Every structure is written in structure tokens, then in C-alpha cells.
Amino acid sequence: SSPRSTRRASMLETRLARRFIECWGTIITIDAPCDGDSAERIGQLLDAALPGMRAEAERIDRIFSTWRPDSIASALRSGARIPASLDPADPDEAEMLGVLDALERARQITRGAFDAGKAPGGFDPSGYVKGWGAGRIADTAVEYGLGDICVNAAGDIATRGRGPAGPWRIGIENPDAPASLCAILDSGDPNDLDGARGGVATSGFSRQDGHVTARGPAPAKARQATVVGPDAGLADAIATALLIDGREGAQWFAAFARTDIRGYRPVTRWGAILVEGDSLIRLGSCAEGIAAGG
């Protein structure tokens, strides 16, 4: 996904403690809200968590990077390994098997619009793994006592808990004017029983022309697609698929979103915003109640 989902909550009401990790060929930003009384304590927790978060990012890179010749992903991409050869008793290979299951689920949800096995050059899980990895880093932060955290992996965002003034609020860049926003989304519900796990991912072309391949010879139908939901990895994959299918993906997206309604929640948390031509198309939970940027 392109880096067009950005953390832009006001820092006036509550400060943000911020740390950085350089990995995956990008800079991963970690934010935790704090006020004057808690700033020192939150900063100490972030510093204590940072080595663990960095180790998790590096472990994910070691397994899933297609740029590393020694990764499992590269072995699958080249044909040196096949999924049936992976050993579930090996922690790294078990991790890949879990991601392969998630990739297949994403392919089925999107009716083939997202297919990691048909990426340019061969198997490439990065369209799911960057969002999923951001979630893993966020979970690591939670293990260190940081219940409120936002991890931004170059536009693929995973949140836990609350933001500076309620839900984490994520600004979505306008593809025609990147200095402005076309929407602002709440990535999670702090009162949700699933622990306010949130994810926002944006896919588009204005910064990475050609990084998405549509099915067949036809070009992608949308100019930009953003997805919000409780799973950052799945949001990443679905955003890529909606970029390819555009408004024609509304049917499969609606079918999927309906399946995610939990027993305690009357509506889905999955939503999407498409920019197709000059139109802004809102789907699922984004159909109502979101603020438009300037």
C-alpha cells in the first residue's frame, strides 16, 4: 500500500510520545498518547518496548521479505520451497503457514482481486504482511504495558486502545492534493469487546506507480482505495483488491463486511473509501458518519 494513511490527530489536547524503527525498507513510526503527568512514564515504557518491537520487525523481515534471498518468502517465490514442505514445528515456517492461510482467505474474500501467488515476479505476501506486521508490532507494545498505541508502517496502520482524544483518528490523503485530506477515519472503537484493535490501509498510484497489477491486461479501476477494520493485515489486502476492482468490488466487499458483524455489535466495523475518477465512494461503515477533510 502507498503511504497515504497518516496519523494526524491534534497534539494540542494530548501529547504523543513517538519512537521510530528502520526496517522493511521504510521508517516505522510508533505513537503513544500521553499528557503532562504521564509523559515520562509513557516514554520509559516506549524505550523499554522498543528493542522488542524492533526484534519483531526484523523477525518478520527475515521470514517474509522478498528482497532477502535467505527468507522463506524468497524460497517460495523462486520455487526452491513449496508450502507442503514447510514444517509447522519450526516457528518461522509455522508463521509462514499461518500467513498463507490468511492470504488464501483474502483471495477468497476479494474473489481473486488480491492474489499473492500472482504478483509480478511470483509469490509476494507483502500486500498483506506489512499491515499484519504493523499489528504484530502493536501487540508487542501492548505486552510491555502500552495499551494505547499506533504503529504506522509507511501508511499501513495498526492501532490498539485509545488515541489522544478517543478513537485513533487517521487522516487519508487526497490523491490530487497530498497536503490535504479527503477523509478522516476512526480506526477502532475503544469500547469494543475485541480490545479496540484497529487497522487502516491505503493503496494507490500517486507515489508508487505500477506497484499493483490488475487482473488480466486491464488497468486498476480506482485511483486510490482505503480500508478500515479490526485487522490491519486484511485491511491491507482488501485495499489492494479494491484499487484493482474499484466500485465493481462493492458487491464482494459488502458480502464480506456483513459476515463480520459480531453478536454484540449491530453493524460492521469494516469500511472503505474509493477514489475513482472524480468520485469519492464510501462503503460499509464509511458510508455514514465520517468526516471529510479539506
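Rings of Phe, Tyr and Trp (its six-membered ring) form an aromatic pair if their centres lie within 6.5 Å; planes under 30 degrees apart count as stacked, over 60 as edge-to-face and the rest as tilted. In this predicted model, local features need pLDDT of at least 70 and side-chain atom pairs count only at pLDDT 80 or more, while totals for chains, interfaces and linings use all residues. Residues are numbered from 1 along each chain as its sequence is written, and side-chain values use heavy atoms, with hydrogens and water left out.

**Aromatic pairs**

- Four aromatic pairs are found when the whole structure is searched.
- The ring centres of Phe253 and Phe256 are 6.5 Å apart and the ring planes stand at 65°, so this pair is edge-to-face.
- Both Phe253 and Phe256 belong to helix 6 (residues 250-259), where they are three residues apart, about one turn of the helix. Helices (H or I, at least four residues) and strands (E, at least two) are DSSP runs, numbered from the N terminus.
- Phe253 counts as buried, at 1% relative accessibility. Buried means under 20% relative accessible area, exposed over 50%, and partly exposed in between (1.4 Å probe, protein chains only).
- Phe256 also counts as buried, at 5% relative accessibility.
- One aromatic cluster is formed by Phe64, Tyr128 and Trp132.

**Packing of helix 3 and helix 4**

- Two packed helices are described by the angle between their axes and the distance between the axes.
- Helix 3 (residues 91-109) packs with helix 4 (residues 126-143) at an angle of about 120°, and their axes are 11 Å apart. Axes are lines fitted to C-alpha atoms, for helices over the stretch in contact, and angles run from 0 to 180 degrees between N-to-C directions.
- Helix 3 and helix 4 are therefore oblique to each other; angles under 35 degrees count as roughly parallel, over 145 as roughly antiparallel, 65 to 115 as roughly perpendicular and the rest as oblique.
- Helix 3 contributes Glu95, Val99, Ala102 and Leu103 to the contact, and helix 4 contributes Tyr128, Val129, Trp132 and Arg136. Contact means heavy atoms within 4.5 Å.

**Positive phi in loops**

- Trp24 is not a glycine, yet its phi is positive, at about 60°.
- Trp24 is placed in the loop between strand 2 (15-23) and strand 3 (26-34), and it is buried, with a relative accessible area of 19%.
- Ala154, a residue other than glycine, has a positive phi near 55°.
- The loop between strand 4 (149-153) and strand 5 (156-160) holds Ala154.
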